[in-house]
Amino acid sequence: MSVARYAYLNACVSVFAERLLDMDEIHALLEGRITRSDAIPPELANDASGTGFTGELDQGYISVLLRELAVLIRPLSGPARDLLSYWAHRFELTNLKVIIRGKMTGQPQAAIEQDLLDMGSLQRLPTAELLQTDSLEELLRRLDETAYATITDQARQMLERGEALFALDAAIDRHYFTGLARRGNVLQSGSSQLLRAIVGSVIDHINLVWLLRYRFAYNFPPAQAYYLLIPAGHRLTSGRLQQLAQRASFEDVIANLPESFARLLAGTRNSTEATLRLELETWRISSNVLYHTSFNVARALAYMVLRERDLRRWRAIVRGRNLPAEPDMIRTALGLPLPTGGQLH
Amino acid sequence: MLRPQRMKRVELILLKDDAPRAALLLADYGSFAPEFTELDSASLPELAGEDYRAAYGEAKTRLDRIVAHFEMATPTERAEPLQAVTEPQLRELGAWLKQIWSRCSEADERMRQMREAHRRTEQLLQGLDRFRHIDIDLTRLHAQHSLLDMRIGTLPAENLQRLEEALRLAGYTAISFFFAEGTTHLIIAGAIGQAGNIERVLQAANWHATVVPEEFHGKPAEVRANLAARMQRLEQQAEEEDRQRRTWGAQPEFHARLLEAAHTLVRAAPYVQLSTLMRGRGELVAVSGWVPDLALERLRHGLQEHLAGRFVQSARNPHADEHLRVPSLLSHRRWLRPFAALVLNYGVPRYDEIDPTIPFAVSFVLMFGMMFGDLGQGAVIALAGVLFRRRLGSYGPLVVGVGASSALFGLLYGSVFGYEGFIPAVWISPLSDPMLMLRVALGWGVGFIVLATLLTIYNRLIEGRLRDALLDSRGVAGLVAYLGLLAGAWKLVAAGHLGIVIPLAVCAGLGAIFEGSWKKGAGSAFTERVLIAVVETYEAVMTYISNTLSFLRLAAFSLNHVALFVAIFALGNMLHNAGYWVTVLLGNIFILVLEGGIVAIQTIRLEYYEGFSRFFSGDGRPFRPLALVNEPGIALQDR
């Protein structure tokens with residue numbers, strides 16, 4: 001049944017998978033032995049958009065991802081389509097945060113608009129209406145009519161209390177990932193398990209990194225740090241997170257992780273390193289799903305995760321070369337192994 | 001009549017200060033479809049009106065929100081006098097609207113807070129009954145304890161489990177005692193020393209502390225009265241707020257000023273639209289557009305009168321290579337409007353294409369009549385078209401037309417509400433000679449297809465596609481082959497042999513089609529080219545045959561119409577007097593509605609598929625003139 005249902009999707013994903021960069025190509029790009037790749041769309045081939053690293057993909061890259069996602073979701077319907085569309089929705093969250101931030105700081109509409117991402121056919125937020133609001137109260141009233149109605153009350157309280165904006169950002173992110181986990185669970189049998197593995201890996205990664213930051217960078221008490229996590233982990237269950245939240249130090253948390261995570265994060269010194277290693281794990285799981293399974297929706301999601309990885313890497317390589325930075329330094333920043341097996345100090 | 005109106009490309013150069021006024025004039029004029037200027041963009045590098053558009057956009061969105069707030073309809077009609085709106089006037093208007101909207105927004109926020117408070121109080125009222133289930137003295141909820149931190153409040157139900165787990169980490173416990181509309185009411189308690197640790201958790205969980213009234217001391221009736229009074233106060237406040245909103249909105253000066261603001265924006269809108277296409281340099285701006293040839297002189301006079309010569313206007317005919325970009329404006333009598341609308345439903349004719357409205361109107365009405373021929377039912381349809389003309393709007397003439405045609409064919413068939421004895425058939429009753437009906441339908445189909453093919457040839461010649469006009473399956477070659485096949489079939493049946501001329505003509509036609517298809521496949525492999533050419537030639541023949549046979553439905557439905565009546569009368573004859581007449585009446589209504597609808601659909605299908613798809617590209621540009629009110633794309637004008 002799934003063969004018939006996902007035949008076209010499977011074929012599309014397999015064709016798209018040819019665009020993923022392999023390690024040889026990445027190293028060749030890093031070392032300048034080649035300067036372009038067929039995997040990178042022509043419009044991104046000469047990414048001269050400055051040397052500043054913003055941590056997020058900008059419009060050109062997101063347009064590529066959305067374009068490919070639009071092709072993948074075309075043959076889908078129901079929960080499967082909903083899940084993949086929702087995956088792209090996180091780029092739209094950036095727009096929501098930009099608008100809220102802009103309204104709070106009194107930026108003119110034109111200035112806010114410049115920082116917005118074009119979501120094309122996958123746009124769900126009524127961006128134009130939100131931009132036209134004259135006050136935060138009006139913005140939140142308008143948000144009451146969208147899928148974000150559940151966070152507007154919380155947002156009002158936070159803003160009344162003068163809470164830092166990152167708390168609202170975190171609430172928005174929490175809302176998003178809870179929704180993502182819920183959509184992954186709706187799908188039936190084979191796809192559901194594979195999707196749970198990928199989505200769960202992403203959520204575990206975020207939960208662990210957030211927990212480390214909340215407890216040891218912001219010094220939140222355990223109860224608060226735990227509450228702010230996403231309630232839909234995979235291998236890091238609620239009970240385990242509660243235990244980890246009560247640990248007194250970074251090293252203590254790492255030492256008390258489940259075995260699979262302990263092996264992965266052994267020796268990490270900070271949350272940045274932990275982030276890189278956890279991302280590698282997510283990519284590993286996605287690669288397994290993409291190359292060792294067939295005829296399921298999870299392959300499409302796995303492709304999108306890996307494609308985003310490659311576009312980030314390309315962006316980092318181009319900007320690193322423009323700095324200019326040594327190839328080994330770029331490798332380290334990307335979490336790639338050094339060719340000589342050495343370490344960069 | 002048979003082609004869209006002739007157009008001229010007009011170039012206007014004027015002073016920047018006069019641009020809003022000119023835009024208003026052009027909008028009022030109603031026959032100027034703007035385009036980007038043809039003048040070199042290097043010599044006119046500036047875009048006009050950016051600040052004006054920004055001011056307009058802000059004012060418009062605020063006005064829309066204000067109008068929605070007061071539940072008014074946005075006025076869009078033109079208002080005299082037609083004075084141009086300057087940018088300072090727009091800004092002043094925008095500032096006033098901003099001020100008004102600020103007050104409206106505050107009022108909206110107050111209403112939202114009241115609704116929220118009302119909702120919580122309502123839940124509390126419902127929850128009051130649940131307090132007895134928790135079996136504690138409500139006084140303890142007020143008391144300060146030295147060791148125990150106890151609180152009562154609400155939070156969204158989806159956050160409950162998470163909060164309980166988080167509170168457990170801080171040594172608190174939570175008791176949920178009521179749930180309603182996605183909100184949980186609960187009591188939490190823990191050691192007083194941990195109170196600071198849970199504040200942030202409660203905030204993150206969207207916790208709202210419940211203000212427990214003093215009366216919550218074990219007097220439920222008084223507590224209930226107090227809550228009810230609170231709700232009533234909130235309702236009164238909301239009503240008062242709403243009353244103030246309505247009073248404010250109804251104030252004549254305020255209402256008049258809002259109306260004036262709306263009219264100002266209506267007058268400013270044409271320049272907003274036009275300025276996106278204007279380019280300028282210094283004090284000069286230029287814009288181009290399409291104007292119907294017949295309306296050009298009026299445009300010139302209007303500009304001369306209002307701009308006193310402070311403009312330069314030039315006009316030219318469309319170039320051959322821009323015929324696809326010239327907009328099409330269909331111009332017909334009012335009674336042809338519904339048919340033109342059906343043509344536009346398929347697509348807009350290209351500028352130089354034949355406008356098929358008149359042939360469509362004639363053929364549509366005749367085909368409908370032939371399939372639905374009955375004097376009585378036709379008269380009913382025509383009468384309905386007259387009586388309900390207001391409700392039918394522009395489709396009134398179409399209904400009257402098809403009704404009259406049905407009545408005419410009813411006379412020809414001798415049928416009145418299905419009875420074939422009341423009046424003599426001027427021609428024949430369909431069931432008396434079905435083969436004749438089929439021959440007539442076939443003949444009609446042949447004529448229709450020949451006409452459609454001739455129109456195709458004409459359209460292609462106009463476009464300069466000589467080769468397609470001559471050698472395509474829908475061109476001369478196809479027509480020759482088709483007519484040859486028909487003549488051949490006729491001669492074979494009549495005389496028993498084909499002769500020489502007809503086969504030669506057919507071969508010539510098919511050969512030309514084959515050759516045309518062969519040439520199109522240049523660059524492909526030989527076998528592939530042969531295969532494609534053979535298949536396309538075969539398809540051309542089969543298409544002609546199947547399209548022709550498609551018209552047999554004209555006869556089929558005319559027979560069907562009679563057959564349905566036969567069935568109705570058969571049913572009616574089984575019943576007694578009253579039952580007979582009821583059956584006949586209901587049967588006629590059934591046929592009128594159901595078969596009438598089916599026949600209309602079949603007629604449109606024949607027109608669109610056998611007709612339009614042959615000669616009509618339908619990808620023309622509709623003529624969208626600058627206008628004072630927002631209207632959907634106009635490609636139609638009353639003569």
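Predicted model: local features only at pLDDT ≥ 70, side-chain atom pairs only at ≥ 80, totals over all residues.
Let me begin with strand 10 of chain B, residues 311-316, where the number buried is zero out of six residues, so this strand lies largely in the open; a residue is called buried if 20 or more other C-beta atoms lie within 10 Å of its own, exposed if 12 or fewer, and partly exposed in between, with C-beta atoms placed from the backbone. Strands here are DSSP runs of E with at least two residues, and helices are runs of H or I with at least four, both numbered from the N terminus.

Residues are numbered from 1 along each chain as its sequence is written, and chains are lettered from A and ligands numbered from 1 in the order in which they are written.

Strand 10 of chain B pairs with strand 1 of chain B, residues 7-15, in the antiparallel sense over six bridges, where pairing requires that DSSP finds at least two bridges between the strands. Within this pair, B:V10 stands opposite B:A315.

Turning to helices, helix 1 (residues 19-29) and helix 9 (residues 296-307) of chain B have axes that come within 11 Å and cross at roughly 145°; the axes are lines fitted to C-alpha atoms, for helices over the stretch in contact, and angles run from 0 to 180 degrees between N-to-C directions. The crossing of helix 1 with helix 9 of chain B is right-handed, which is to say that the near helix is turned clockwise from the far one by less than a right angle. From helix 1 of chain B, the residues B:R21, B:A22, B:L25 and B:Y29 meet B:L299, B:G302, B:L303, B:H306 and B:L307 of helix 9 of chain B, contact being defined by C-beta atoms, placed from the backbone, that lie within 7 Å. By class, this contact has six nonpolar, two polar and one charged residues, with Ala, Val, Leu, Ile, Met, Phe, Trp, Tyr, Cys and Pro counted as nonpolar, Asp, Glu, Lys and Arg as charged, and the others, Gly among them, as polar.

Chain B also has an open sheet of four strands, in the order 5-6-4-7 and with antiparallel pairing. Strand 5 (173-180) and strand 7 of chain B stand at its edges, and because each has a single partner strand, one side of each is left without a neighbour in the sheet. Strand 7 of chain B is joined to strand 4 of chain B, residues 148-156, by two bridges, and B:T154 stands opposite B:H208 in strand 7 of chain B. Helix 5 of chain B, residues 160-169, packs on the sheet and touches strand 4, strand 5 and strand 6 (183-191) of chain B, its direction making about 165° with that of strand 5.

Two backbone details deserve a remark. B:N206, in the loop between helix 6 (195-204) and strand 7 (208-209) of chain B, has a positive phi near 65° although this residue is not a glycine, and B:N206 counts as buried, with 22 C-beta neighbours inside 10 Å. B:E71, likewise not a glycine, has a positive phi of about 55°, but B:E71 counts as exposed, with 9 C-beta neighbours inside 10 Å.

Finally, the contact between the chains takes 22 residues from chain A and 23 residues from chain B.

Note on methods. Contact = placed C-beta atoms within 7 Å.
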